[in-house]
Each structure stands twice: as C-alpha cells, then as structure tokens.
Amino acid sequence: MADVTMRVWRGDSTGGDFADYTMPAVEGEVVLDVLHRIQAGPAPDLACRWNCKAGKCGSCSAEINGMPRLMCMTRMDELPTEEPVVVAPMKTFPIIRDLVTDVSFNYVMARQLPPLKPRAPEADGTYRMQQVDVERGQEFRKCIECFLCQNVCHVIRDHEENKPNYAGPRLFIRYMELESHPLDTNDRRELLRQRMGIGLCNITKCCTEVCPEHIKITDNAIIPLKERVVDSSYDPIAWLGRKILRRTKRGAVEVAQDAPAFTAPTSEDRLERQTLPVMVGTAVGAGNPSTAASAGPGAGPAEAAGGTGPTAAGDPFGTDAGA
Amino acid sequence: MACCRVDRTGRRPGEPGGSEPEKEDKPGVSTIDDVKPIPVTIGGVRGGPAVRTLRRDPWWKSPAFTFVVLTLFVAYTVWAVFQNADYFVGISQHRDLISPLYSPCIVGSCVPGSHGTFLVLHWWMLTPALIGLSGPGLFRSTCYYYRKAYYRSFWQSPPGCAVADGHKRYTGESRFPLILQNIHRYAWYVAIAWNVILTIDAIMAYRLPGDGGIGVSVGSLVLTANAAALWMYSLSCHACRHVTGGHVNEFSKAPIRHRLWKVVSKLNAIHMQFAWVSLFVVVIADAYVRMVAAGWFTDPKLF
C-alpha cells in the first residue's frame, strides 16, 4: 500500500513546529495507531496521551486536519491522503509537550460546581425516582470528559480572558443534569448567569458537532439552561410570581459555597503542591466525581501564576457582581 | 453559610467543635480555614501554529450559503415592506388573499377590504407591513437557530468550528444589546398569536365570492402551506420546548407536560429545517399574492 505522511506538532511551552513522518499505510488503522508506529520507529520521544483506544476514556483528544477529534476514533481511510495528515494539540489549553495539553482548567471549573443537594428522604429513609425523571440526565452521563467541546468553544478558545468566568459545555451538561435532577434542591441559575458564563455562550453548536458521544449539548443542556436562567432573571411574569409567593432566589455566592472547592481542603497553589503532594486533590465531603479526577494522571497542575481568583474564603468572587 | 459545608472531620457548622474548626497542628495540613477559590490559569503557552485554522475542508460553504440566503431574504423583505402595494387580492378576483408580510392589516393605510373587521390604528399611515412583520420578525431574529446562523455567517463569531473568531473582544449574550435575546420566549408568545391570525387568513382564502360557499384555489393552498409551516416552526421552538415541559424536574408528577415535551422535543430536533422551510414559504406566499394582486395572472381555481 501507499505511504501516509503525518505532520505532527512537536514542541513544548518554549516553542515548537510541525514534523513530518512518512509511514507505510496499513489498512484499518486509526490516527492513534499511526502515532504509535511513529513512537515505535522514528520518534520514540513523541508525547501523546491515550488509554483505551476505544473512544471511551477521552484521553487522545487532538486536532486532526484542524478539527477537534479523538485520535483513536478517526480512521485513516476517511482522511484525504493527497496531503499530510496534520495532527496538532488541543489549542485551548496550555501545552505540556507535543500533543499533550494541560486540561486542568476543566477540573478547576468542575470543583466550583455545587453538587447534588437532595431533598429530605421519604419516611422510610430512602429516595425513590421514576425512570422518566432520570432519563433526561442519563444522556449527559455518557460524557467521557475528552474536553473536545471545551476545546472547540470559541468563548475560551479565542478569548483566553473569559476562562475564569466560563464553565464551558462539558460542565453545562453537568449543571443541567443537576438542575433537572428530581431530588435536587439547589438553585444554580444565578451562579450560571453571574459567574459561569451561560450568557457568554452564543449557541453556535460547535460543542455538539465535535462531541464523540453525540450528546446534544446545545439543544438538551445549554439552551434549557438559558431558558431556566430566563425563568429566574429575565421573565417578568416569573418575577411577579416570586414576589407574590414571596419566594427568593439563592444568590450566586450562596450557591457557590456549596461547591467542592469550598469544602475540599485543597489548593492549587504551586507552593502547597510542592510541600503537600499527598494532600492535593483530597476532597472531603465533595460529591462531584470530577473532583477526584483533578489529582489523576494527565491533569497538569493549575499553576497560580496569573490566577485571577480572589482569596477571601467567605466570598469566592470578591463581589456578587461576577459577569 | 450553606448547610452542607463541612470541615475535614465531617462536622457541620453549629455542631460541637464544628463551627470554628481549629487549625491542626500538623505542619502543612490544610483545614477549612485555608479554603480559597481556585484560581484559573490564564495566559498559558498554547501548542500548535498561530494560524486562523488548520481546517482544510470547505468549512466556509455553510456560513457563505447562510449569508447569501439571509441577505437575499432581508433584501426581498425590505423591498416588499416598503413597496406598500399589491399585497391584497380582493373579492373582485374571487378570493381574499393577503400577503403574510402585511397581515394583520389593522392600520389606517391598509387598502380597503384587507383589514376585515379589525381596524385599530387609524392614525398609522406608514406601510402596514411594519406591523405585520413586527411579531414574526422579533421571533425569527431571536430564534436559537437563527442566532447560530447569523453569529456564524454575519458576525463571524465564530465563522466555523475551530476557526478563529473574527473579533478580539467577546462578551456573547451577557451584555446589552445581545442580552435582549432572552426575550425570545415572549417573542414566541407573540408569534403564536400571529400564527392564529395567519391561519384565519388561510381559512378566509377558501371563501367563494357571492353566496359564501367554499372552493379551493392555488392561492388558498399557498396560504395554508404558509400557516402550516409557521406553526411547525414555532411549535418546534426551544422556548416552546421549555414552556411545555422542559422546566419540569419530575416528569412522573406531570404526565401531560411530559407527553407534550416529548412531542415538542421530536419537532425540536428538526427546528432548523422548519426554520428554513417556513422562511422560503413566507417569501413564496408573499410573491404569489403580489403577482396575483399586480394582475400578472388570475389565481387558478382548482374546484
């Protein structure tokens, strides 16, 4: 068979460039297979993150011919062969080396997500939920945290300054899962509006386009969340109803105080990381599984340099204003 | 302080020893006192080349198509609105046909016969289409699908997936004026009222002159198709999906809303198609009525 040329980004935070590797084509291969052959041959020091090779671990995210995709799920025979296959790291996140990026931004935002706050259990001490109540959220459970949606989202891809105030599509589906949870009593809408950037999203649907699990992120999570925020903040009839029924909304700060970032005795401060390698990432009372992942392999350190978060323990934003 | 906040020992505020956790003596062990929001790293060095996009597929085709079609639609609509003529075919030509752009005709400048029994704004002497288009225009311009379409094709924000944004600063829909997109739900309520009016227009187009019998012409079918397309477009809307059942958290306790939500969700999956079809049908209906009213041909009677 003919040869294939892979044009792979080589470099780290000090700079880099594309390098071409010409390999014999093998039928049935995916991009990741060819990269492994490059590692076994001409470039044993090529860094790329991978694990399951089955599109279920979400590790091998990259940009193939400019499109964010999983390397293990992109067949070589669906790519044009007349030109080199370009493989670049995800653009939105800081590079560590070659195709490996520091995706810790996503874990930082995950830790600020207020977890499930269930209502009181029934008389016998249990909870009961019907299938129709939970099946809407089950779609979001398919997420493999490949962060392709976070990567493709132009809100942070092209505007780095939005990162501190934008949860991103991956976390919007988590917010929607919890907001529509039949047992949940938390109200995250003000948090979403003021701090987590639901208003920054302009629903151009790229997150849905790149999702390897085919989750309808925009239609089933982001737009419903926007509509729920309309309920809480932009709907005059709902506002009147709240006034008449004397219901109050929970403020963004109040909701944020339920987040694991508040209950977990941890810090992403670099100094503490150096002195306390064991403690970092040890969450106490945190209900969000994403939290545990923040200390897992592959999650680079979120360095404090350039961090913008205020440091007052009682108020995560310094002011209630947020966005 | 929120109810669920606990310290490292699992004690809640208010419990003995829980409200003011003591700092542990062990050096370097964090306590609740050390908790602080996690700073987000920004400004890190990114990998890959500094180019607009690495995509080589024709990603620009879709936004270019949208740009051309929407521009043509806006140009045609502006022309049709300010032409202020040939929008009504009276009973003299056997049918009451009114252009969907000019309905409801409730202002003083309407041609005789076109306003039926409703004549509300006697003092309004500008083109009636400004009223006729206000509701549907508001609905369409704040529609979640059209927002995607024009943000990509006109505002270049972004022009395509993994293609760089055309603007340096970006605040999305969090600031004025785009924060006004949140009125979409109310635009939907208005659009429903318009649909009712346009449906009445379609029904009126089946009336025969004179004895008041019923007949079918191409014009009556065109207006019926227009009303049907607009109903499908507005019933598949995301705001409709939320209002009918999307706001419910426990579907098991709201079976009717759940059923409605499931139906609307199915329609919502093809909202984009309805958006385009209804756009084209409105133009076709307006053009058809316009041609008949201008006397190019007589509305063919089928039976």
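Predicted model: local features only at pLDDT ≥ 70, side-chain atom pairs only at ≥ 80, totals over all residues.
Which backbone nitrogen does the side chain of S99(B) reach?

Chain B first. It has 303 residues, and 47% of them count as buried. Its secondary structure amounts to 8 helices and 2 strands. Going along the sequence, the order is α-β-β-α-α-α-α-α-α-α. Among contacts in chain B with a separation of 6 or more, 65% are between residues 24 or more positions apart. The accessible surface is about 14,900 Å², and carbon and sulfur atoms make up 68% of that.

Now to S99(B). The loop that holds S99(B) runs between strand 2 (97-98) and helix 2 (129-141) of chain B. S99(B) has a relative accessible area of 1%. Buried means under 20%, so S99(B) is buried.

What does S99(B) touch, not counting residues up to four places away in sequence? The residues are Y87(B), D286(B) and V289(B). V283(B) is 184 residues from S99(B) along the chain, yet their C-alpha atoms are separated by 9.3 Å.

Back to the opening question. The side chain of S99(B) reaches the backbone nitrogen of L101(B), at 3.1 Å.

Last, the nonpolar cores. The largest has 79 residues, and those touching the most other members are M6(A), I38(A), M71(A), V87(A), F172(A) and Y175(A). A second, separate core has 21 residues, including C143(B), Y146(B), C240(B) and L267(B).

Note on methods. Residues numbered from 1 in each chain as written. Chains lettered and ligands numbered in written order. Heavy atoms only, no water. Helix = DSSP H or I, 4+ residues; strand = E, 2+ residues; numbered from the N terminus. Buried < 20%, exposed > 50% of the residue type's maximum accessible area, 1.4 Å probe, protein only. Contact = heavy atoms within 4.5 Å. Areas by Shrake-Rupley, 256 points an atom, 1.4 Å probe, with all protein chains shown as cover. Core = buried A, V, L, I, M, F, W, Y, C linked by side-chain atoms within 4.5 Å. Polar contact = N/O pair within 3.5 Å; in protein donor to acceptor, adjacent residues only side chain to side chain.
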